[in-house]
Amino acid sequence: MSGTEKFAIETRKLEKYYGRSRGIIDIDLQVPRGDFFGFIGPNGAGKSTTIRSLLGLITPTGGEAFILGRECGRSRTDILKKVGYMPSESCFYDGIKVKDMIKLTAGMRGKDCGQRAAQLCDRLCLDVHKRVDELSLGNRKKVSIVCALQHEPELYILDEPTAGLDPLMQQEFFTLLQECNDKGATIFLSSHVLSEIQRYCKNAAIVKEGRIIRKGSVKELAQSNVKRVELTTPSGRESFLYSGEMSKLISQLAQKELMDLTITEPSLDEVVMHYYE
Amino acid sequence: MTLFLHEWKQSSKMLLIWTLVVAGMTFVFMLIFPQLAEQMGDMANIYANLGSFSAAFGMDRINIATPMGFYGIEAGAMISIGGGMLAALLGGNSLCKEEGGHTAELLFTMPHKRICLIFWKALAAGTMIIVFNLVCTLVGIGAFLCIGEEVVWKEFLLYHTAQLFMQLEIGMFCFCISALLHRTSIGVGIGVAMTFYFLQMFVNITDKAAFLKYFTPYYYADASNIFPVAAIEWELVALGMVYGIAAALTGMFHYARKDIK
């Protein structure tokens, strides 16, 4: 297996500019096959632009991208056969029924996914006889989930999939993803909900202003050199995140009249927030 | 093929309504013809001698008091304007509705070449225009049979053939516009269809605007240009098809490469 084939997703210096405005810059990603990968960033950071470049919806202005060992763009059609994509917006055709929408996407893939689709609808408590435009945002998300998962792809690319889903459904959704992952599928999950990345993902990358600023295992990212410092002095309590040389911190703290001091590992939320400050 | 059927399902209601309205109105116009014909003896001469007004609608070249003349002027206006608008809607809505309705991300991440998906969409719009014309032609024949008048087959079939080409040309132009714009292009499409219609009126009114016949499909599809000579200016049809196909191909190849928003 060549280097590229080891990865479900690999990008090298992927770049997209919209005229003069920045989309993504020098995105280097390696998502191993079978990984549960989190792509973290706030709105406008470049998560969707990266995904859209991978899927051929937009043409990158520079760099290279490979999915399942094949070059994006050139092998786009073959790649898409093995990919289940869930866009951030769950929009469907006017007046179409849930069952027809699910059947349409299966038909477009030339597959009979009836059994798996029924199973998914059942687990997600989705009424297939309703018209899609009558559904709430959460229920439209469920239709999106079924459309993306029903053909049991090798790679799932999910762009902010849980927005609008209630906590129970979020849990069921992640259970479904975990099952797919256990069977060997790769999950690429873009989200700004850090708790779900921390809970479910093995590896993650943090994107800021179009660039990847950190990547690694979720554990490593959470255990970065950023520390949560909480101190109590006669003038009150103070709490802040610190990244830098510990000796400098200690010498600065030594100048204060400390009554209490705790230095702890911050949560992933705090670490990521620190990068955006 | 799945997309082709889906497009048909999506537009079937619109197609049905437009077909019912246009074909139904054509039928009703023809049903009232016998009654009007009795009262129209002298009126026909008046209509034919209203100067530019008569020329604009072709009434100086065909006799509105005859069943074919009435069909060409009254029912024909309905078919050409209604058909042109329907073609503009079908072509103009075809691609941009995906981006406007945010369904493009779903559709264009299906495992098919984008050009294939565009082709099926164009084919669906084209076949809908053909079906519309087929129904209008059959309803026209039915109307003649109902009022007991004879269809002058050559002129009648040439007229409907020209109408089909005209609508296909408008549809292809609007398909190109649909590919170039990100949001809805229906308004632009209908504007294009109406512009073509008015250009043909200018050609009819003044010789100075004769060159416009090379740019508007309404000219070669106008009953007043077909019925008197029982012929279509095929070179204009061919030119129109060249324009239309060039526009449609430009749209297709542009859309196949463009960034989906």
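Me: Before we start, how are the residues and chains labelled?
Reply: Residues are numbered from 1 along each chain as its sequence is written, while chains are lettered from A and ligands numbered from 1 in the order in which they are written. In this predicted model local features need pLDDT of at least 70, side-chain atom pairs count only at pLDDT 80 or more, and totals for chains, interfaces and linings use all residues, with side-chain values using heavy atoms and leaving out hydrogens and water.

Me: Where does Leu258(A) sit?
Reply: Leu258(A) lies in the loop between H10 and S13 of chain A, where helices (H or I, at least four residues) and strands (E, at least two) are DSSP runs numbered from the N terminus.

Me: Switching topic, how much space is in the largest pocket?
Reply: The largest pocket holds about 920 Å³, a volume being the space filled by probe spheres set on grid points that are joined across faces, edges and corners. A pocket is an open set of points on a 1 Å grid over the protein atoms alone, where a 1.4 Å probe fits, with protein on both sides within 12 Å along at least five of seven lines, and lining residues have an atom within 4 Å of a point.

Me: Which residues lie nearest its centre?
Reply: Of the 35 residues that line the largest pocket, Tyr93(A), Asp94(A), His6(B), Lys9(B) and Gln10(B) lie nearest its centre.

Me: Which element gives the most to that lining?
Reply: H1(B) gives the most to the lining of the largest pocket, with ten residues, and helix H1 spans 2-31 of chain B.
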